Amino acid sequence: MEAENPLGVDTDFRRPALVALMIFAIAFLAWHTVAEFLFGITLLAVMQLALGLYFAVLLYYVRRHPYSKGLALSFLIPLLSLILLAMAHPDTPPNVFIWVFLMPVFAYSLLGRKLGFVISSTGTLSALLAYLFHYAKTPEGIHPLVLTNVLICLSSIWVAMHLYERNREKTTDELRRMATTDELTGLHNRRQLEKIFDRLASAADRQHDVLAVIVMDLDHFKQINDRFGHHAGDKVLVHVAMLLRNHLRGSDWAFRTGGEEFCLLLPMANRDGAVTAAEMLRCQIEAQPCDFEGRTIALTASIGIAMYPEDGLAFETLLSLADERMYRAKQHGRNRVIGDDMDEDVDLIVVR
């Protein structure tokens, strides 16, 4: 089954940090532009003025659009380049190197662990080379104790930011997994069903294709719980989830929507193809009973199918229709697939 994360990577939380850093950079550049003009460092002052104006325009854009790494790089690369140019300028003192300490903070905060490592390592190594080249003849600039302190502080900041971002990613991934995955079976949960349907339906519209919505309910599941216990019921659900993973295509999606009910979304599957796939799953469930503590639990499933866009456009309409056909399968004897309304209508009495 498709392993893609339906939520994508939510990085818009970095936008406030980008806005704050840009405001800080604009204020810093404005102050330094005035100072450089007063000290006669005209070229550097002009460069800082131009960069400050650029950041002001970029800030206006950032505050009106979602965050992207491209926007962050549009801010970081010019800023880090200015720091390197300032270090290479003959009139700047050795203490300008202190701004290199901000490279890991800015890069990891705005770009995440991987790209943050690339940008901060590239910038930091370039700054070290510029520092050694510029101040190689200055005793206080290359004093071993000074260099040692600088490297220790820079390394500490770098390691701290890297570890923080790594732990944040792990925590975010775990929270995302808990929010999108059924804890027992590992399938996607009901909360994600409509979101993924909307995305697949949009893709089907663009490609002039179809999408199958399948509702599957295990037969006599309450009797399994009553006879073998709820632990056995849980084992059955995990067993069925494994069968779904093993027999669905990579592009298909499987959800546990509650209790013993599952929902499947099959892109690019017409009605005949969906019925064939559902029938194959039904046969697999019947042919592979669940083993529980040395006992064999026989399983069957009733399945109903609805097709987008033929049977409807709204998700709730299709889900309700597939559910209705699944109940009709139960009324007609269970352990069967109903893919359309050609069968004789029956009163929809819930049978489990």
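Tutor: We can go from the whole chain down to single residues.

Student: OK. What kind of model is this, and what is the mean pLDDT of the protein chain?

Tutor: This is a predicted model. The mean pLDDT of the protein chain is 85, and 88% of its residues reach 70 or more.

Student: And where does pLDDT stay under 50?

Tutor: One stretch is residues 1–10, where the model has 31 contacts beyond four places in sequence. Another is residues 344–352, with 22 such contacts in the model.

Student: How many helices and strands does the protein chain have?

Tutor: There are 11 helices and 8 strands in the protein chain.

Student: What share of the residues is buried?

Tutor: Of the 352 residues in the protein chain, 44% are buried.

Student: What about contacts between residues at least 24 apart?

Tutor: Take the contacts between residues at least 6 apart in sequence: 69% of them join residues at least 24 apart.

Student: Then at what angle do α1 and α2 pack?

Tutor: Helix α1 covers residues 15–38 and helix α2 covers residues 42–62. They pack at an angle of about 155 degrees, with their axes 8 Å apart. The two helices are therefore roughly antiparallel to each other.

Student: Which residue classes make up that contact?

Tutor: The contact of α1 with α2 has 18 nonpolar, 5 polar and 2 charged residues. As for handedness, α1 passes α2 in a left-handed crossing.

Student: And how do α7 and α11 cross?

Tutor: Helix α7 spans residues 190–206 and helix α11 spans residues 315–331; their axes come within 10 Å and cross at roughly 120 degrees. That makes α7 oblique to α11. The crossing in which α7 passes α11 is right-handed.

Student: Which residues meet there?

Tutor: From α7, Arg190, Leu193, Glu194 and Phe197 meet Phe315, Glu316, Leu318 and Leu319 of α11. By class, the residues of this contact are 5 nonpolar, no polar and 3 charged.

Student: Switching topic. I clicked on Cys290. Where is Cys290 found, and is it buried or exposed?

Tutor: Cys290 is in strand β5, residues 290–292. Its relative accessibility is 1%, so Cys290 counts as buried.

Student: What is Cys290 in contact with, leaving aside neighbours within four places in sequence?

Tutor: Cys290 is in contact with Lys235, Val236, His239, Arg295, Thr296, Ile297 and Leu299. Val238 is 52 residues from Cys290 along the chain, and their C-alpha atoms are separated by 9.5 Å.

Student: What about Arg282, buried or exposed?

Tutor: Arg282 is buried, because its relative accessible area is 10% and the cut-off for buried is under 20%. Arg282 lies in helix α10, residues 271–287. Leaving aside neighbours within four places in sequence, Arg282 is in contact with Ala301, Ile303, Asn335, Arg336 and Val337. Arg282 and Met216 are 66 residues apart in sequence, and 9.0 Å apart from C-alpha to C-alpha.

Student: Asn335 is on that list. Where is the place of Asn335?

Tutor: Asn335 sits in the loop between α11 and β8, where β8 is 337–338. At 18% relative accessibility, Asn335 counts as buried. Asn335 also has a positive phi of about 55 degrees, although it is not a glycine.

Student: Where is His220, and how exposed is it?

Tutor: His220 is in the loop between β2 (211–218) and α8 (221–228). With a relative accessible area of 28%, His220 is partly exposed.

Student: Which peptide bond is cis?

Tutor: The bond from Tyr308 to Pro309 is cis, with omega near 5 degrees. Most peptide bonds are trans. Pro309 lies in the loop between β7 (301–308) and α11.

Student: Last one. What does Ala179 touch, not counting residues up to four places away in sequence?

Tutor: Ala179 touches Asn189, Arg191 and Gln192. Ala179 is found in helix α6, residues 144–180, and counts as partly exposed at 24% relative accessibility. Ala179 and Arg191 are 12 residues apart in sequence and 8.0 Å apart in space, C-alpha to C-alpha.

Definitions and conventions: Residues numbered from 1 in each chain as written. Predicted model: local features only at pLDDT ≥ 70, side-chain atom pairs only at ≥ 80, totals over all residues. Heavy atoms only, no water. Axes fitted to C-alpha atoms, helices over the stretch in contact; angles between N-to-C directions. Helix = DSSP H or I, 4+ residues; strand = E, 2+ residues; numbered from the N terminus. Parallel < 35°, antiparallel > 145°, perpendicular 65-115°, else oblique. Left-handed = near helix turned anticlockwise from the far one by under 90°. Contact = heavy atoms within 4.5 Å. Nonpolar A, V, L, I, M, F, W, Y, C, P; charged D, E, K, R; others polar. Buried < 20%, exposed > 50% of the residue type's maximum accessible area, 1.4 Å probe, protein only. pLDDT = per-residue confidence, 0-100.
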